[in-house]
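Please open the model in a viewer and keep the selection panel at hand.

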Amino acid sequence: MNVVANIHETEALSTVSMPELPNEVWMKIFTYLSYGDLEQTKVVCKHWCQLVHSLQFRYKTKLVITLKNVKNICLAIENHKQLSIPLHYENVELDMYVIKSEYLVKIFENLKSCIRQLKLYNFQLLFVLNDYLPELEVLILMIHCERVLMPGLDKEQRSSKEKINQSNNTSLDLYKFPKLKSLDISFDLITMLGDNSNDFLKNLTLMPFKHLERLSIQFDDILEELVLEVIEGYAHSLRWLDISLLSSPSKFKWQEIVKKFTQLEVLKIDQINVEKWLIDVLENFPKESCLRTIVLGGFPDMDDLLKLITRKWFNSLEYLHLRASRNLTDVGIKQLNLITNKLRCLTLCNCESLTVQGILQGIAANKPNRMLCSLNLNLNNIQGLTEDFIYVLVQNLPNLTTLKLANCDRAISITTMAYIFCNLTQLQHLSLGHYGLSFEDRGNDFVCCEKPVINYMKGLQSLRSCFCAIVAISSLNVTFNELRKLVVRECCNYLPNFVHFNTYFPALEELTFSYWNLKFDCFTELVHNFPRLRKLDFKPCNPISGDFDIK
(Lines give C-alpha, C1' and ligand atoms only; values in the text may rest on other atoms or scores of the structure.)
Protein backbone atom coordinates (compact mmCIF):
# COMPACT_ATOMS: atom_id res chain seq x y z
CA MET A 1 0.00 0.00 0.00
CA ASN A 2 3.06 2.29 0.11
CA VAL A 3 2.76 2.74 -3.64
CA VAL A 4 -0.76 4.06 -3.25
CA ALA A 5 0.17 6.36 -0.38
CA ASN A 6 2.93 7.98 -2.42
CA ILE A 7 0.72 8.84 -5.38
CA HIS A 8 0.00 12.56 -5.46
CA GLU A 9 -3.52 13.51 -6.22
CA THR A 10 -4.00 15.87 -9.15
CA GLU A 11 -6.48 18.69 -9.39
CA ALA A 12 -9.75 17.77 -11.03
CA LEU A 13 -10.70 19.39 -14.30
CA SER A 14 -12.81 22.50 -13.85
CA THR A 15 -15.64 20.94 -15.85
CA VAL A 16 -15.70 17.69 -13.84
CA SER A 17 -16.45 17.26 -10.15
CA MET A 18 -14.63 14.17 -8.88
CA PRO A 19 -15.54 12.55 -5.56
CA GLU A 20 -12.87 13.18 -2.94
CA LEU A 21 -12.09 9.62 -1.92
CA PRO A 22 -8.89 8.15 -0.46
CA ASN A 23 -6.63 6.29 -2.87
CA GLU A 24 -7.35 3.04 -1.06
CA VAL A 25 -11.08 3.39 -1.84
CA TRP A 26 -10.44 4.07 -5.53
CA MET A 27 -8.13 1.05 -5.65
CA LYS A 28 -10.82 -1.14 -4.13
CA ILE A 29 -13.31 0.06 -6.74
CA PHE A 30 -10.87 -0.56 -9.59
CA THR A 31 -10.32 -4.19 -8.54
CA TYR A 32 -13.80 -4.98 -9.84
CA LEU A 33 -12.97 -3.73 -13.34
CA SER A 34 -11.88 -5.87 -16.27
CA TYR A 35 -8.69 -5.24 -18.21
CA GLY A 36 -10.61 -3.31 -20.88
CA ASP A 37 -12.25 -1.08 -18.28
CA LEU A 38 -8.91 -0.40 -16.61
CA GLU A 39 -7.43 0.68 -19.95
CA GLN A 40 -10.26 3.20 -20.32
CA THR A 41 -9.90 4.30 -16.71
CA LYS A 42 -6.29 5.34 -17.35
CA VAL A 43 -7.35 8.07 -19.80
CA VAL A 44 -9.81 9.76 -17.40
CA CYS A 45 -7.18 11.72 -15.50
CA LYS A 46 -3.55 11.57 -14.42
CA HIS A 47 -4.49 10.58 -10.88
CA TRP A 48 -6.44 7.50 -12.03
CA CYS A 49 -3.72 6.62 -14.49
CA GLN A 50 -1.19 6.52 -11.66
CA LEU A 51 -3.48 4.36 -9.55
CA VAL A 52 -4.07 1.84 -12.33
CA HIS A 53 -0.33 1.57 -12.93
CA SER A 54 0.28 0.65 -9.30
CA LEU A 55 1.46 -2.82 -8.33
CA GLN A 56 -1.98 -4.09 -7.39
CA PHE A 57 -3.19 -4.22 -11.02
CA ARG A 58 -0.13 -5.37 -12.89
CA TYR A 59 -1.25 -9.01 -13.08
CA LYS A 60 -4.21 -7.85 -15.17
CA THR A 61 -1.85 -6.85 -17.99
CA LYS A 62 0.25 -9.32 -19.96
CA LEU A 63 3.04 -8.93 -22.49
CA VAL A 64 2.79 -11.55 -25.26
CA ILE A 65 6.01 -11.81 -27.28
CA THR A 66 5.60 -13.29 -30.77
CA LEU A 67 7.69 -13.61 -33.89
CA LYS A 68 5.75 -10.70 -35.38
CA ASN A 69 6.03 -8.18 -32.57
CA VAL A 70 9.41 -8.92 -30.94
CA LYS A 71 11.27 -6.27 -32.95
CA ASN A 72 8.63 -3.66 -32.13
CA ILE A 73 8.93 -4.51 -28.43
CA CYS A 74 12.69 -3.97 -28.59
CA LEU A 75 12.10 -0.64 -30.33
CA ALA A 76 9.58 0.37 -27.65
CA ILE A 77 12.14 -0.43 -24.96
CA GLU A 78 14.66 1.89 -26.60
CA ASN A 79 12.08 4.68 -26.91
CA HIS A 80 11.09 4.33 -23.26
CA LYS A 81 14.75 4.46 -22.24
CA GLN A 82 15.17 7.77 -24.02
CA LEU A 83 12.12 9.11 -22.19
CA SER A 84 13.32 7.61 -18.88
CA ILE A 85 10.04 5.67 -18.63
CA PRO A 86 10.74 1.99 -17.90
CA LEU A 87 8.44 -0.70 -19.23
CA HIS A 88 6.83 -2.77 -16.48
CA TYR A 89 5.15 -6.14 -17.05
CA GLU A 90 4.78 -8.80 -14.40
CA ASN A 91 3.04 -11.33 -16.65
CA VAL A 92 4.92 -12.40 -19.82
CA GLU A 93 4.11 -15.05 -22.40
CA LEU A 94 6.40 -16.19 -25.22
CA ASP A 95 3.90 -17.35 -27.78
CA MET A 96 6.28 -18.76 -30.35
CA TYR A 97 8.81 -21.51 -31.00
CA VAL A 98 11.78 -19.81 -32.61
CA ILE A 99 13.16 -16.35 -31.96
CA LYS A 100 16.57 -14.71 -31.86
CA SER A 101 18.06 -15.08 -28.41
CA GLU A 102 19.57 -11.57 -28.59
CA TYR A 103 16.08 -10.11 -28.82
CA LEU A 104 14.98 -12.05 -25.77
CA VAL A 105 18.04 -11.02 -23.79
CA LYS A 106 17.39 -7.37 -24.60
CA ILE A 107 13.75 -7.56 -23.52
CA PHE A 108 14.32 -9.56 -20.35
CA GLU A 109 17.31 -7.48 -19.26
CA ASN A 110 14.90 -4.55 -19.05
CA LEU A 111 12.02 -6.47 -17.48
CA LYS A 112 13.86 -8.94 -15.22
CA SER A 113 13.15 -7.14 -11.94
CA CYS A 114 9.44 -7.01 -12.80
CA ILE A 115 8.55 -10.45 -14.20
CA ARG A 116 6.67 -12.65 -11.77
CA GLN A 117 4.78 -14.91 -14.16
CA LEU A 118 6.19 -16.54 -17.31
CA LYS A 119 4.62 -18.90 -19.83
CA LEU A 120 6.90 -20.66 -22.32
CA TYR A 121 6.08 -22.87 -25.29
CA ASN A 122 9.69 -23.87 -25.81
CA PHE A 123 11.61 -25.30 -22.88
CA GLN A 124 15.00 -24.46 -24.43
CA LEU A 125 14.24 -20.76 -24.04
CA LEU A 126 14.45 -21.22 -20.30
CA PHE A 127 18.19 -21.78 -20.67
CA VAL A 128 18.49 -18.46 -22.49
CA LEU A 129 16.50 -16.65 -19.81
CA ASN A 130 18.03 -18.41 -16.79
CA ASP A 131 19.83 -15.27 -15.56
CA TYR A 132 16.96 -12.80 -16.06
CA LEU A 133 14.17 -14.04 -13.78
CA PRO A 134 15.18 -13.31 -10.17
CA GLU A 135 11.62 -12.38 -9.10
CA LEU A 136 9.82 -15.20 -10.91
CA GLU A 137 6.92 -16.71 -8.92
CA VAL A 138 4.87 -18.59 -11.56
CA LEU A 139 6.39 -20.72 -14.34
CA ILE A 140 4.25 -22.48 -16.97
CA LEU A 141 6.08 -24.77 -19.39
CA MET A 142 4.16 -25.88 -22.47
CA ILE A 143 5.05 -26.71 -26.09
CA HIS A 144 3.76 -25.69 -29.49
CA CYS A 145 2.95 -28.25 -32.17
CA GLU A 146 6.13 -28.26 -34.26
CA ARG A 147 4.41 -29.52 -37.40
CA VAL A 148 2.47 -26.24 -37.47
CA LEU A 149 5.31 -23.90 -36.62
CA MET A 150 8.29 -25.34 -38.42
CA PRO A 151 7.28 -25.24 -42.12
CA GLY A 152 7.01 -21.44 -42.15
CA LEU A 153 10.50 -20.80 -40.73
CA ASP A 154 12.94 -18.91 -42.87
CA LYS A 155 16.69 -19.47 -42.89
CA GLU A 156 17.33 -16.90 -40.17
CA GLN A 157 14.70 -18.42 -37.87
CA ARG A 158 16.02 -21.95 -38.37
CA SER A 159 19.49 -20.72 -37.47
CA SER A 160 18.09 -19.15 -34.30
CA LYS A 161 16.39 -22.43 -33.40
CA GLU A 162 19.68 -24.30 -33.71
CA LYS A 163 21.43 -21.79 -31.44
CA ILE A 164 18.70 -22.10 -28.82
CA ASN A 165 18.86 -25.89 -28.95
CA GLN A 166 22.63 -25.72 -28.47
CA SER A 167 22.05 -23.77 -25.25
CA ASN A 168 20.43 -26.90 -23.85
CA ASN A 169 23.93 -28.34 -23.46
CA THR A 170 24.50 -25.93 -20.59
CA SER A 171 23.10 -26.65 -17.16
CA LEU A 172 19.82 -25.09 -16.09
CA ASP A 173 20.27 -23.54 -12.66
CA LEU A 174 16.89 -23.69 -10.91
CA TYR A 175 18.36 -22.02 -7.85
CA LYS A 176 18.20 -18.76 -9.82
CA PHE A 177 14.41 -18.82 -9.28
CA PRO A 178 14.42 -18.54 -5.46
CA LYS A 179 10.93 -17.03 -5.23
CA LEU A 180 9.13 -19.57 -7.41
CA LYS A 181 5.76 -20.57 -5.92
CA SER A 182 3.99 -22.24 -8.84
CA LEU A 183 5.25 -24.71 -11.47
CA ASP A 184 3.19 -26.17 -14.33
CA ILE A 185 4.78 -28.86 -16.54
CA SER A 186 2.93 -30.54 -19.41
CA PHE A 187 3.51 -34.17 -20.38
CA ASP A 188 4.16 -33.09 -23.98
CA LEU A 189 7.06 -31.05 -22.70
CA ILE A 190 8.49 -33.99 -20.74
CA THR A 191 8.11 -36.22 -23.80
CA MET A 192 9.88 -33.66 -25.97
CA LEU A 193 12.79 -33.45 -23.52
CA GLY A 194 13.41 -37.20 -23.80
CA ASP A 195 16.46 -38.18 -21.75
CA ASN A 196 16.80 -34.61 -20.51
CA SER A 197 13.50 -34.96 -18.64
CA ASN A 198 15.27 -37.15 -16.05
CA ASP A 199 17.88 -34.44 -15.46
CA PHE A 200 15.21 -31.79 -15.13
CA LEU A 201 13.18 -33.81 -12.62
CA LYS A 202 16.33 -34.75 -10.68
CA ASN A 203 17.12 -31.05 -10.35
CA LEU A 204 13.64 -30.56 -8.92
CA THR A 205 14.26 -33.26 -6.30
CA LEU A 206 17.11 -31.11 -4.94
CA MET A 207 14.38 -28.74 -3.76
CA PRO A 208 15.73 -25.52 -5.29
CA PHE A 209 12.42 -23.76 -4.55
CA LYS A 210 11.97 -23.03 -0.88
CA HIS A 211 8.41 -21.74 -1.19
CA LEU A 212 6.79 -23.92 -3.86
CA GLU A 213 3.05 -23.97 -3.15
CA ARG A 214 1.55 -25.06 -6.46
CA LEU A 215 2.60 -27.96 -8.71
CA SER A 216 0.89 -29.18 -11.87
CA ILE A 217 2.45 -32.11 -13.73
CA GLN A 218 1.56 -34.92 -16.16
CA PHE A 219 3.55 -38.17 -16.21
CA ASP A 220 3.51 -41.90 -17.00
CA ASP A 221 4.92 -44.98 -15.23
CA ILE A 222 8.42 -44.38 -16.62
CA LEU A 223 8.76 -41.07 -14.78
CA GLU A 224 6.55 -41.87 -11.80
CA GLU A 225 9.37 -42.61 -9.39
CA LEU A 226 11.12 -39.30 -10.08
CA VAL A 227 7.85 -37.37 -9.94
CA LEU A 228 7.05 -38.99 -6.60
CA GLU A 229 10.40 -37.80 -5.26
CA VAL A 230 9.59 -34.27 -6.41
CA ILE A 231 6.12 -34.31 -4.83
CA GLU A 232 7.44 -35.83 -1.60
CA GLY A 233 10.12 -33.16 -1.35
CA TYR A 234 7.56 -30.36 -1.49
CA ALA A 235 4.71 -32.16 0.30
CA HIS A 236 4.92 -29.98 3.42
CA SER A 237 4.68 -26.69 1.49
CA LEU A 238 2.26 -27.62 -1.33
CA ARG A 239 -1.18 -26.02 -1.21
CA TRP A 240 -2.18 -26.92 -4.76
CA LEU A 241 -1.46 -30.24 -6.52
CA ASP A 242 -2.67 -31.02 -10.04
CA ILE A 243 -1.55 -34.38 -11.48
CA SER A 244 -2.51 -36.29 -14.62
CA LEU A 245 -1.73 -40.00 -14.41
CA LEU A 246 -1.17 -41.55 -17.82
CA SER A 247 -0.68 -45.08 -16.46
CA SER A 248 -1.53 -47.17 -13.39
CA PRO A 249 0.18 -45.60 -10.36
CA SER A 250 1.95 -47.26 -7.44
CA LYS A 251 -0.58 -47.36 -4.61
CA PHE A 252 1.76 -47.97 -1.68
CA LYS A 253 4.16 -45.10 -2.47
CA TRP A 254 1.30 -42.66 -2.94
CA GLN A 255 -0.32 -43.71 0.31
CA GLU A 256 2.83 -42.81 2.21
CA ILE A 257 3.39 -39.48 0.46
CA VAL A 258 -0.12 -38.09 0.95
CA LYS A 259 0.28 -38.47 4.71
CA LYS A 260 2.60 -35.45 4.49
CA PHE A 261 0.03 -33.17 2.80
CA THR A 262 -0.74 -31.08 5.87
CA GLN A 263 -1.09 -27.77 3.97
CA LEU A 264 -2.82 -28.98 0.79
CA GLU A 265 -6.02 -27.11 -0.08
CA VAL A 266 -6.56 -27.94 -3.77
CA LEU A 267 -6.31 -31.46 -5.21
CA LYS A 268 -6.82 -32.24 -8.90
CA ILE A 269 -6.34 -35.78 -10.21
CA ASP A 270 -7.12 -36.98 -13.71
CA GLN A 271 -6.95 -40.71 -14.49
CA ILE A 272 -9.08 -43.34 -16.17
CA ASN A 273 -10.04 -46.73 -14.73
CA VAL A 274 -8.01 -46.78 -11.55
CA GLU A 275 -10.29 -48.97 -9.48
CA LYS A 276 -9.55 -48.63 -5.75
CA TRP A 277 -6.37 -46.59 -5.99
CA LEU A 278 -7.89 -43.18 -5.38
CA ILE A 279 -10.07 -44.27 -2.46
CA ASP A 280 -7.11 -45.93 -0.75
CA VAL A 281 -4.95 -42.84 -1.31
CA LEU A 282 -7.56 -40.38 -0.04
CA GLU A 283 -8.09 -42.47 3.07
CA ASN A 284 -4.43 -41.85 3.99
CA PHE A 285 -4.69 -38.06 3.98
CA PRO A 286 -3.87 -36.72 7.45
CA LYS A 287 -6.71 -35.72 9.74
CA GLU A 288 -5.51 -32.12 9.78
CA SER A 289 -5.81 -31.79 5.99
CA CYS A 290 -8.47 -29.26 4.98
CA LEU A 291 -9.10 -29.69 1.28
CA ARG A 292 -11.23 -26.85 -0.09
CA THR A 293 -11.22 -27.93 -3.75
CA ILE A 294 -11.35 -31.42 -5.25
CA VAL A 295 -11.35 -32.01 -9.02
CA LEU A 296 -11.48 -35.62 -10.20
CA GLY A 297 -11.93 -37.30 -13.55
CA GLY A 298 -12.41 -40.82 -14.87
CA PHE A 299 -12.99 -42.91 -11.74
CA PRO A 300 -15.55 -45.77 -11.77
CA ASP A 301 -16.63 -46.05 -8.11
CA MET A 302 -18.28 -42.63 -7.84
CA ASP A 303 -20.77 -43.53 -5.10
CA ASP A 304 -18.08 -44.86 -2.75
CA LEU A 305 -15.76 -42.03 -3.69
CA LEU A 306 -18.32 -39.32 -2.95
CA LYS A 307 -19.16 -41.00 0.35
CA LEU A 308 -15.50 -40.83 1.38
CA ILE A 309 -15.08 -37.19 0.27
CA THR A 310 -18.15 -35.93 2.10
CA ARG A 311 -17.21 -37.83 5.25
CA LYS A 312 -13.58 -36.74 5.36
CA TRP A 313 -13.89 -33.07 4.32
CA PHE A 314 -17.43 -32.10 5.29
CA ASN A 315 -16.09 -29.12 7.26
CA SER A 316 -13.81 -27.65 4.58
CA LEU A 317 -14.88 -28.63 1.03
CA GLU A 318 -16.16 -25.67 -1.01
CA TYR A 319 -15.54 -26.73 -4.62
CA LEU A 320 -16.27 -30.20 -6.06
CA HIS A 321 -15.73 -31.03 -9.73
CA LEU A 322 -16.42 -34.59 -10.96
CA ARG A 323 -15.50 -34.74 -14.64
CA ALA A 324 -16.94 -38.21 -15.28
CA SER A 325 -20.04 -39.01 -13.22
CA ARG A 326 -21.43 -41.82 -15.34
CA ASN A 327 -21.55 -44.26 -12.43
CA LEU A 328 -22.85 -41.79 -9.88
CA THR A 329 -26.36 -42.87 -8.82
CA ASP A 330 -29.23 -41.24 -6.94
CA VAL A 331 -28.09 -43.05 -3.79
CA GLY A 332 -24.54 -41.70 -4.10
CA ILE A 333 -25.43 -38.08 -4.87
CA LYS A 334 -27.48 -37.83 -1.67
CA GLN A 335 -24.14 -37.74 0.16
CA LEU A 336 -23.90 -34.08 -0.92
CA ASN A 337 -26.46 -33.26 1.76
CA LEU A 338 -23.64 -33.58 4.31
CA ILE A 339 -21.75 -30.62 2.83
CA THR A 340 -24.52 -28.30 1.60
CA ASN A 341 -23.63 -25.85 4.38
CA LYS A 342 -20.12 -25.44 2.90
CA LEU A 343 -20.21 -26.35 -0.79
CA ARG A 344 -20.16 -23.28 -3.04
CA CYS A 345 -19.32 -24.71 -6.46
CA LEU A 346 -20.43 -28.04 -7.98
CA THR A 347 -19.67 -29.60 -11.38
CA LEU A 348 -21.09 -32.95 -12.51
CA CYS A 349 -20.34 -34.19 -16.03
CA ASN A 350 -22.10 -37.02 -17.89
CA CYS A 351 -24.76 -37.76 -15.27
CA GLU A 352 -26.09 -40.77 -17.19
CA SER A 353 -27.05 -42.86 -14.15
CA LEU A 354 -28.84 -40.04 -12.34
CA THR A 355 -32.45 -38.96 -12.45
CA VAL A 356 -33.84 -35.45 -12.16
CA GLN A 357 -35.23 -36.25 -8.73
CA GLY A 358 -31.87 -37.59 -7.58
CA ILE A 359 -30.03 -34.40 -8.61
CA LEU A 360 -32.54 -32.18 -6.84
CA GLN A 361 -32.41 -34.30 -3.68
CA GLY A 362 -28.61 -34.19 -3.66
CA ILE A 363 -28.26 -30.44 -4.28
CA ALA A 364 -31.16 -29.05 -2.24
CA ALA A 365 -33.18 -31.56 -0.26
CA ASN A 366 -36.36 -30.25 1.41
CA LYS A 367 -35.22 -26.61 1.54
CA PRO A 368 -33.44 -24.01 -0.65
CA ASN A 369 -29.67 -24.21 -0.80
CA ARG A 370 -28.47 -20.64 -0.32
CA MET A 371 -24.78 -21.53 -0.11
CA LEU A 372 -24.28 -22.94 -3.63
CA CYS A 373 -23.31 -20.12 -6.01
CA SER A 374 -21.94 -22.04 -9.02
CA LEU A 375 -23.53 -25.06 -10.73
CA ASN A 376 -22.27 -26.84 -13.85
CA LEU A 377 -24.27 -29.86 -15.06
CA ASN A 378 -23.90 -31.99 -18.19
CA LEU A 379 -27.38 -33.47 -18.52
CA ASN A 380 -26.64 -35.92 -21.32
CA ASN A 381 -29.17 -38.81 -21.36
CA ILE A 382 -30.51 -37.89 -17.93
CA GLN A 383 -33.88 -39.41 -17.05
CA GLY A 384 -36.98 -37.25 -16.53
CA LEU A 385 -35.55 -33.99 -17.93
CA THR A 386 -38.34 -31.46 -18.55
CA GLU A 387 -38.98 -27.75 -18.08
CA ASP A 388 -40.18 -28.47 -14.54
CA PHE A 389 -36.60 -29.39 -13.63
CA ILE A 390 -35.46 -25.83 -14.42
CA TYR A 391 -38.26 -24.32 -12.35
CA VAL A 392 -37.48 -26.42 -9.27
CA LEU A 393 -33.73 -25.97 -9.70
CA VAL A 394 -34.00 -22.19 -9.84
CA GLN A 395 -36.36 -22.08 -6.87
CA ASN A 396 -33.99 -24.10 -4.71
CA LEU A 397 -30.76 -22.29 -5.70
CA PRO A 398 -31.64 -18.59 -5.34
CA ASN A 399 -28.05 -17.32 -4.92
CA LEU A 400 -26.49 -18.76 -8.07
CA THR A 401 -23.99 -16.45 -9.78
CA THR A 402 -22.90 -19.07 -12.36
CA LEU A 403 -25.20 -21.55 -14.10
CA LYS A 404 -24.00 -23.88 -16.88
CA LEU A 405 -26.33 -26.52 -18.31
CA ALA A 406 -25.14 -28.69 -21.19
CA ASN A 407 -27.34 -31.04 -23.27
CA CYS A 408 -30.43 -29.45 -21.78
CA ASP A 409 -32.44 -28.90 -24.98
CA ARG A 410 -35.50 -30.69 -23.56
CA ALA A 411 -35.68 -28.33 -20.58
CA ILE A 412 -34.80 -24.93 -22.06
CA SER A 413 -37.41 -22.76 -23.74
CA ILE A 414 -38.37 -19.11 -23.85
CA THR A 415 -40.42 -19.63 -20.70
CA THR A 416 -37.61 -21.24 -18.71
CA MET A 417 -35.16 -18.62 -19.96
CA ALA A 418 -37.47 -15.93 -18.61
CA TYR A 419 -37.82 -17.77 -15.33
CA ILE A 420 -34.03 -17.96 -14.92
CA PHE A 421 -33.60 -14.23 -15.46
CA CYS A 422 -36.51 -13.25 -13.24
CA ASN A 423 -35.49 -15.38 -10.25
CA LEU A 424 -31.68 -15.68 -10.29
CA THR A 425 -31.13 -12.04 -9.45
CA GLN A 426 -27.40 -12.46 -8.76
CA LEU A 427 -26.60 -14.32 -11.99
CA GLN A 428 -23.32 -13.24 -13.62
CA HIS A 429 -22.49 -16.15 -15.96
CA LEU A 430 -25.00 -18.20 -17.93
CA SER A 431 -24.32 -21.04 -20.36
CA LEU A 432 -27.13 -23.05 -21.93
CA GLY A 433 -27.26 -25.86 -24.47
CA HIS A 434 -28.96 -25.74 -27.84
CA TYR A 435 -32.64 -25.18 -28.08
CA GLY A 436 -34.90 -24.08 -30.91
CA LEU A 437 -37.49 -21.30 -30.94
CA SER A 438 -39.99 -20.72 -33.66
CA PHE A 439 -40.25 -17.26 -35.20
CA GLU A 440 -43.71 -16.83 -33.67
CA ASP A 441 -42.53 -17.50 -30.11
CA ARG A 442 -39.83 -14.84 -29.82
CA GLY A 443 -40.11 -13.14 -26.46
CA ASN A 444 -43.84 -13.70 -25.95
CA ASP A 445 -43.47 -15.69 -22.73
CA PHE A 446 -41.24 -13.20 -20.93
CA VAL A 447 -44.41 -11.59 -19.59
CA CYS A 448 -44.39 -14.25 -16.85
CA CYS A 449 -42.06 -11.95 -14.89
CA GLU A 450 -43.81 -9.70 -12.41
CA LYS A 451 -41.26 -6.92 -13.06
CA PRO A 452 -39.39 -5.94 -16.22
CA VAL A 453 -36.69 -8.46 -17.10
CA ILE A 454 -34.10 -5.70 -17.46
CA ASN A 455 -34.07 -5.24 -13.68
CA TYR A 456 -32.65 -8.73 -13.32
CA MET A 457 -29.99 -8.62 -16.03
CA LYS A 458 -27.76 -5.84 -14.80
CA GLY A 459 -25.16 -8.18 -13.35
CA LEU A 460 -24.83 -10.62 -16.25
CA GLN A 461 -21.20 -10.65 -17.44
CA SER A 462 -21.03 -13.64 -19.79
CA LEU A 463 -23.63 -15.47 -21.87
CA ARG A 464 -23.26 -18.69 -23.86
CA SER A 465 -26.21 -19.88 -25.89
CA CYS A 466 -27.52 -20.30 -29.43
CA PHE A 467 -28.66 -17.23 -31.35
CA CYS A 468 -32.34 -17.90 -30.59
CA ALA A 469 -31.84 -16.64 -27.05
CA ILE A 470 -30.15 -13.46 -28.27
CA VAL A 471 -32.98 -12.70 -30.67
CA ALA A 472 -35.65 -13.44 -28.09
CA ILE A 473 -34.14 -11.26 -25.37
CA SER A 474 -33.19 -8.41 -27.69
CA SER A 475 -36.78 -8.27 -28.98
CA LEU A 476 -37.67 -6.88 -25.54
CA ASN A 477 -35.24 -3.98 -26.04
CA VAL A 478 -33.10 -5.22 -23.13
CA THR A 479 -29.58 -3.85 -22.64
CA PHE A 480 -26.81 -5.99 -21.16
CA ASN A 481 -24.79 -3.19 -19.61
CA GLU A 482 -22.31 -5.50 -17.85
CA LEU A 483 -22.04 -8.25 -20.50
CA ARG A 484 -18.40 -8.54 -21.59
CA LYS A 485 -18.23 -12.03 -23.08
CA LEU A 486 -20.70 -13.51 -25.55
CA VAL A 487 -20.42 -17.01 -27.03
CA VAL A 488 -23.06 -17.92 -29.61
CA ARG A 489 -23.31 -21.54 -30.70
CA GLU A 490 -24.62 -22.86 -33.98
CA CYS A 491 -28.32 -22.24 -34.38
CA CYS A 492 -30.85 -24.09 -36.51
CA ASN A 493 -33.18 -21.08 -36.81
CA TYR A 494 -30.90 -18.08 -37.28
CA LEU A 495 -27.64 -17.07 -38.87
CA PRO A 496 -25.87 -14.82 -36.34
CA ASN A 497 -25.88 -11.17 -37.32
CA PHE A 498 -24.39 -8.90 -34.67
CA VAL A 499 -23.95 -5.77 -36.77
CA HIS A 500 -27.17 -4.21 -35.49
CA PHE A 501 -27.03 -5.66 -31.97
CA ASN A 502 -24.40 -3.33 -30.56
CA THR A 503 -26.98 -1.33 -28.61
CA TYR A 504 -27.81 -4.43 -26.55
CA PHE A 505 -24.17 -5.19 -25.65
CA PRO A 506 -22.41 -1.83 -25.14
CA ALA A 507 -19.68 -3.29 -22.91
CA LEU A 508 -18.86 -6.34 -25.07
CA GLU A 509 -15.13 -7.19 -25.10
CA GLU A 510 -15.06 -10.82 -26.37
CA LEU A 511 -17.28 -12.34 -29.05
CA THR A 512 -17.23 -15.96 -30.25
CA PHE A 513 -19.66 -17.36 -32.82
CA SER A 514 -20.13 -19.75 -35.73
CA TYR A 515 -20.91 -18.21 -39.09
CA TRP A 516 -21.66 -19.77 -42.45
CA ASN A 517 -20.72 -16.86 -44.68
CA LEU A 518 -18.79 -13.91 -43.31
CA LYS A 519 -17.96 -11.05 -45.65
CA PHE A 520 -15.05 -8.76 -44.94
CA ASP A 521 -17.30 -5.69 -44.90
CA CYS A 522 -19.38 -7.28 -42.14
CA PHE A 523 -16.23 -7.97 -40.16
CA THR A 524 -15.06 -4.36 -40.31
CA GLU A 525 -18.53 -3.06 -39.47
CA LEU A 526 -18.68 -5.44 -36.52
CA VAL A 527 -15.42 -4.08 -35.12
CA HIS A 528 -16.62 -0.54 -35.68
CA ASN A 529 -19.96 -1.05 -33.92
CA PHE A 530 -18.39 -2.63 -30.83
CA PRO A 531 -15.69 -0.11 -29.82
CA ARG A 532 -14.65 -2.06 -26.72
CA LEU A 533 -14.28 -5.38 -28.56
CA ARG A 534 -10.81 -6.81 -27.89
CA LYS A 535 -11.18 -10.42 -29.08
CA LEU A 536 -13.19 -11.86 -31.95
CA ASP A 537 -13.27 -15.60 -32.56
CA PHE A 538 -15.40 -16.91 -35.42
CA LYS A 539 -15.57 -20.25 -37.20
CA PRO A 540 -17.18 -19.96 -40.62
CA CYS A 541 -17.29 -22.65 -43.25
CA ASN A 542 -15.37 -20.51 -45.74
CA PRO A 543 -11.58 -19.86 -45.79
CA ILE A 544 -11.91 -16.77 -43.57
CA SER A 545 -11.68 -17.96 -39.98
CA GLY A 546 -9.62 -17.47 -36.92
CA ASP A 547 -9.08 -15.86 -33.56
CA PHE A 548 -8.30 -12.15 -33.61
CA ASP A 549 -7.14 -9.67 -31.02
CA ILE A 550 -8.67 -6.31 -31.86
CA LYS A 551 -6.15 -3.49 -31.73
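A charge sits over a ring if NZ of Lys or CZ of Arg is within 6 Å of the ring centre and within 35 degrees of the ring normal. This is a predicted model, in which local features need pLDDT of at least 70 and side-chain atom pairs count only at pLDDT 80 or more, while totals for chains, interfaces and linings use all residues. Residues are numbered from 1 along each chain as its sequence is written, and side-chain values use heavy atoms, with hydrogens and water left out.

Select R214 and W240: R214 lies over the face of W240, at 3.5 Å from the ring centre. Next, select K312 and W313, where the charged end of K312 is over the ring, 5.9 Å from its centre.

Turn now to ring pairs (Phe, Tyr or the six-membered ring of Trp, centres within 6.5 Å; planes under 30 degrees apart are stacked, over 60 edge-to-face, the rest tilted). The whole structure holds ten aromatic pairs. Select F209 and Y234: their ring centres are 6.5 Å apart and their planes at 25°, so the pair is stacked. F209 is in the loop between α11 (196-205) and β6 (214-219), and Y234 in the loop between α12 (224-233) and β7 (240-245), 25 residues apart; helices (H or I, at least four residues) and strands (E, at least two) are DSSP runs, numbered from the N terminus. Both F209 and Y234 are buried, meaning under 20% relative accessible area (1.4 Å probe, protein chains only).

Move to Y391 and Y419, whose ring centres are 5.0 Å apart with planes at 75°, so this pair is edge-to-face. Finally, select W26, F30 and W48, which ring pairs link into a cluster.

Notes
Buried means under 20% relative accessible area, exposed over 50%, partly exposed in between (1.4 Å probe, protein chains only).
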